[in-house]
Amino acid sequence: MELTKYNHATVVLEQDGVTLVIDPGSFTPESADLATAAVAVLVTHEHFDHIDVDAVRAALDSSDSLVVRGPAAIVEQLGAHDGRVAAVSAGDAFEVGPFSVQVFGEEHATIHRDIPTVANVGYLVNGTVFHPGDAYLVPGVPVPTLLLPTSGPWTSTAEAVDYVRAVAPERAVQIHEAMLSDLGQQSAARFLGSDGLGPVPVQILPASESITV
């Protein structure tokens, strides 16, 4: 399976010539095209940097076969589109095209006590790649490749270190990095990786570049 990293939280997985998109957000200019070309869009939560609602709605209108899965708030924003948009929650599992997906978690990390939290789920795809959305979400199953958030108003270096240790992935790839400079990304990768306090190296994958997972 091929993993292509786009801006911030957007990731595309490709298997047998078929693509799946996770979190095509507003920070990703290609979101509409990526969603239109995919068999499925998975959304971790409703924040704009994780779903560009207009882009995904346009993709649903352009592709009769596209399905979208996410928390209930995503269905409320997009509409059901004859059942192609459906809510998922922790414990769900489904298949779409060549992809098997397990769903974990329930809630976005706390930003501040004065800001209400929203529903947030994480996705483990083909038992290989785990996208936690905006939460230090430990799935409790083996995770070969962890997509590791490193910036945002909710992130914490101390919690992130403990998170990577708890998940114990075979490798980690930095995501959710848009609020960091190049120096900040390098610093986060060192701090959270095996050169710092984490158990495995943290890979910085530039936008539009791919790796095999």
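Residues are termed buried when their relative accessible area is under 20% and exposed when it is over 50%. These terms are applied below to a predicted model.

The secondary structure of the chain amounts to five helices and 14 strands. The C-alpha trace extends over about 50 × 45 × 30 Å along its principal axes. Buried residues make up 52% of the 213 residues of the chain. The accessible surface is about 9100 Å², and carbon and sulfur atoms contribute 49% of that area. When contacts between residues at least 6 apart in sequence are considered, 53% of them link residues at least 24 apart.

Strands of a sheet pair through backbone hydrogen bonds, in either a parallel or an antiparallel arrangement. In this sheet, strand β1 (residues 2–5) pairs with β2 in the antiparallel sense over four bridges, and E2 is placed opposite E14 in β2. The hairpin of β1 and β2 has five residues between the strands, and H8 adopts a positive phi near 60° there. Strand β2 (residues 11–15) is in turn joined by five bridges to strand β3 (residues 18–22), the two running antiparallel. Within this pair, L13 lies opposite L20 in β3. The hairpin of β2 and β3 has two residues between the strands, and D16 takes a positive phi near 55°.

The parallel sense is found between strand β4 (residues 40–42) and β5, which pair over three bridges. Here V41 is opposite V68 in β5. In a regular strand, side chains alternate between the two faces of the sheet. In β5, V67 and R69 point one way whereas V68 and G70 point the other way, and all are buried.

Helix α2 (residues 53–62) has V53, A55, V56, A59 and L60 as its buried residues. These residues lie on the same side of α2, because the arc they cover around the axis is only 165°. An α-helix has 3.6 residues a turn, so residues three or four places apart point the same way. The buried residues of α2 pack against α1 (31–37), β5 (67–70), α3 (72–78) and β6. On the face of α2 turned away from this buried side are the exposed residues D54, D61 and S62.

Another open sheet is formed by seven strands in the order β7-β8-β9-β10-β11-β12-β13, again with mixed pairing. Its edge strands are β7 (93–96) and β13 (202–203), each of which pairs on one side only. Strand β10 (residues 129–131) and strand β11 (residues 145–149) run parallel and are joined by two bridges. In this pairing, V129 stands opposite T145 in β11. Helix α4 (residues 157–167) packs on the sheet and touches β10 and β11, with its direction at about 170° to that of β11. Helix α5 (residues 182–192) likewise packs on the sheet, where it touches β11, β12 (171–175) and β13; its direction makes about 155° with that of β12.

The loop between β11 and α4 contains T150. The relative accessible area of T150 is 12%, and T150 is therefore buried, given the cut-off of under 20%. Apart from its neighbours within four places in sequence, T150 is in contact with T155, Q174, I175, H176, E177, L180, A188 and L192. The C-alpha atom of T150 is separated by 13 Å from that of A109, a residue 41 residues apart from T150 along the chain.

Definitions and conventions. Residues are numbered from 1 along each chain as its sequence is written. This is a predicted model: local features need pLDDT of at least 70, side-chain atom pairs count only at pLDDT 80 or more; totals for chains, interfaces and linings use all residues. Side-chain values use heavy atoms; hydrogens and water are left out. Two strands pair if DSSP finds at least two bridges between them. Buried means under 20% relative accessible area, exposed over 50%, partly exposed in between (1.4 Å probe, protein chains only). The arc is that of the directions from the helix axis to the C-beta atoms. Contact means heavy atoms within 4.5 Å. Accessible areas come from the Shrake-Rupley method with a 1.4 Å probe; for residues, only the protein chains shown count as cover. Axes are lines fitted to C-alpha atoms, for helices over the stretch in contact, and angles run from 0 to 180 degrees between N-to-C directions.
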